[in-house]
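This briefing describes the ligand site, the pocket, the cavities and some backbone features of one protein model. Please keep the sequence and the structure in view while reading.

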Amino acid sequence: MAWTRKDLLGLEELTKEEIELVLTTAESFKEVSTRDIKKVPALRGKTVVNLFYEPSTRTRVSFEVAAKRLSADVINVAVQESSVKKGETLIDTARNIEALKADIIVVRHSASGAANIIARHVGISVVNGGDGWHEHPTQALLDMFTLKEKLGKIEGLKVSIVGDIAHSRVARSNIWGLTKLGAEVTVCAPKILIPPGIEKMGARVTHDIDEALKGADAINVLRMQFERDEQKAFPSPLDYFKTFGITRERLETAKKEIVVMHPGPINRGIEMSSEVADCPNSVILEQVTNGIAVRMAVLFLVTQGHDQRDENTH
Ligand code: CP
C-alpha cells in the first residue's frame with residue numbers, strides 16, 4: 001500500500017495497514033543507525049522544524065537525529081525565546097514557519113488537538129510530538145516496533161498499561177495502535193486515574209496490579225503525572241509505589257520473559273523500582289533507540305504523502 005497522508009496526527013485515524021506500513025518502513029531504516037556514516041539522502045533539501053511548547057528530551061532529540069539521518073536540515077524553535085512570548089498565536093507561528101519554506105513541523109503542545117489545528121491551517125506536513133492528553137503517536141509506534149522486534153508479532157499479545165492512564169497521551173495512542181493490530185490491552189491504575197469510557201477504546205480495566213501482570217506478555221509502565229493533581233486527590237508517591245509500583249517481587253509473579261517498557265521519563269521508586277528499570281526484561285533504552293528508526297519512517301512517509309498530494313493537484 002502507498003502512504004497518502006501529509007500529516008501524522010494520531011493513531012485513532014490510521015488503519016491497521018497504515019500502522020504496519022510505518023513499522024515495516026522503520027525496519028528498513030533501523031540499519032542506517034548501525035553504519036559508520038549514519039546517513040541516507042532520502043530527505044536531502046527538506047527542512048524539519050521542531051516546535052516544542054512543552055519540555056522533552058527523547059522526542060525532540062529523536063526527531064532531530066531522525067531528520068539528520070535522512071539528510072534533512074533541522075531547526076529547533078526555542079519557544080521560550082520566540083515571538084510566542086510576545087503573544088503570537090499557535091496558528092500564526094505555524095503559518096510563519098510555512099512561509100519560511102519549512103517542509104515539516106513537529107509539534108508538541110499542552111493543548112489536546114494542537115497538531116490537528118495546525119494541520120488544518122498549513123499546507124506543509126505536521127507531525128504530532130504529543131498533544132495534551134490526546135495522542136503521542138510516534139511513542140506508541142516505537143513501543144509497537146519494540147514489541148514486534150522482541151516478541152515477533154503484535155497480534156494476540158497481552159499488553160498491560162499501568163500508571164496514570166487518565167492524563168496519558170501515550171496510553172491513548174498505544175490503545176488505538178495495539179488494538180488495531182490485534183493485541184489485548186489491559187489498563188491498570190487507581191480508580192481516579194482511569195478515564196471514563198476507556199473501555200469503548202477496546203481496553204479492559206483493572207485496579208489490581210497482580211491481575212494486570214498475570215499472563216501479560218508486556219507491561220508498559222507510565223509516569224505518575226503528579227503535576228496535574230490539581231484536586232490533590234492522587235495517592236501519595238509512597239502509597240502509589242506500595243500498591244501499583246513494579247518491583248522485582250511483583251515481576252517474579254509474571255511470565256519469565258515479560259517485556260518491561262516505559263516511555264520515559266522514569267520516576268524511579270514511584271512507578272517502578274530501579275532494579276526493574278534496569279533488569280534484563282527491561283527494553284526501555286531499546287525503545288529510545290528504536291524511536292529514531294520509527295521517526296525516520298514517519299518523516300519519510302509524510303513527505304511522500306505531501307509530495308503525492310502536490311502532484312495530484314498540479
Ligand atoms: N517519551 C517522551 O515523550 O519523552 P520526552 O517527554 O522526553 O520527549
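**Ligand contacts**

A polar backbone atom of threonine 57 lies 2.8 Å from an oxygen atom of the ligand; a polar contact is a pair of N or O atoms within 3.5 Å, and within protein one must be able to donate a hydrogen and the other to accept it, while residues adjacent in sequence count only if both atoms are side-chain atoms. The model is predicted: local features need pLDDT of at least 70 and side-chain atom pairs count only at pLDDT 80 or more, whereas totals for chains, interfaces and linings use all residues. Residues are numbered from 1 along each chain as its sequence is written, and side-chain values use heavy atoms, with hydrogens and water left out.

- In serine 56, a polar side-chain atom is 2.6 Å from an oxygen atom of the ligand.
- The side chain of histidine 136 has an N or O atom 2.8 Å from an oxygen atom of the ligand.
- On its own the ligand has 260 Å² of accessible area, of which the protein covers 91% (Shrake-Rupley method with a 1.4 Å probe; for residues, only the protein chains shown count as cover).
- The residues surrounding the ligand are Ser56, Thr57, Arg58, Thr59, Arg108, His136, Gln139, Pro263 and Gly264 (a residue is near a molecule or strand if one of its heavy atoms lies within 4 Å of it).

**The largest pocket**

- The largest pocket holds about 470 Å³ of space.
- On a 1 Å grid over the protein atoms alone, a pocket is an open set of points with protein on both sides within 12 Å along at least five of seven lines, a cavity is a set where a 1.4 Å probe fits but cannot get out, and lining residues have an atom within 4 Å of a point.
- Grid points are joined across faces, edges and corners, and a volume is the space filled by probe spheres set on the points.
- Among the 23 residues lining the largest pocket, Arg108, Arg169, Arg223, Gly264 and Pro265 are the closest to its centre.
- The lining of the largest pocket comprises 5 nonpolar, 11 polar and 7 charged residues (Ala, Val, Leu, Ile, Met, Phe, Trp, Tyr, Cys and Pro count as nonpolar, Asp, Glu, Lys and Arg as charged, and the others, Gly among them, as polar).
- Because domain 1 (16–136 + 288–313) and domain 2 (138–285) both contribute residues to its lining, the largest pocket lies between them (domain bounds come from an automatic or database domain assignment).
- At least two lining residues of the largest pocket come from each of helix H2 (58–69) and helix H6 (169–180) (helices, H or I with at least four residues, and strands, E with at least two, are DSSP runs numbered from the N terminus).

**Cavities**

- The whole structure has 2 cavities of 30 Å³ or more.
- The largest cavity, with a volume of about 60 Å³, is lined by Arg58, Ser62, Gln139, Leu142, Pro263, Gln287, Val288 and Arg295.
- Helix H11 (284–313) gives the most to the lining of the largest cavity, with 3 residues.
- Domain 1 and domain 2 each provide at least three residues of the lining of the largest cavity.
- The second largest cavity, of about 40 Å³, is lined by Lys46, Asp103, Ile104, Ser125, Thr303, His306 and Asp307.

**Backbone features**

- Glycine 264 and proline 265 are joined by a cis peptide bond, with omega about -5°.
- Proline 265 belongs to the loop between strand S9 (259–261) and helix H10 (274–277).
- Serine 71 is not a glycine, yet its phi is positive, at about 70°.
- The loop between H2 and strand S2 (73–77) contains serine 71.
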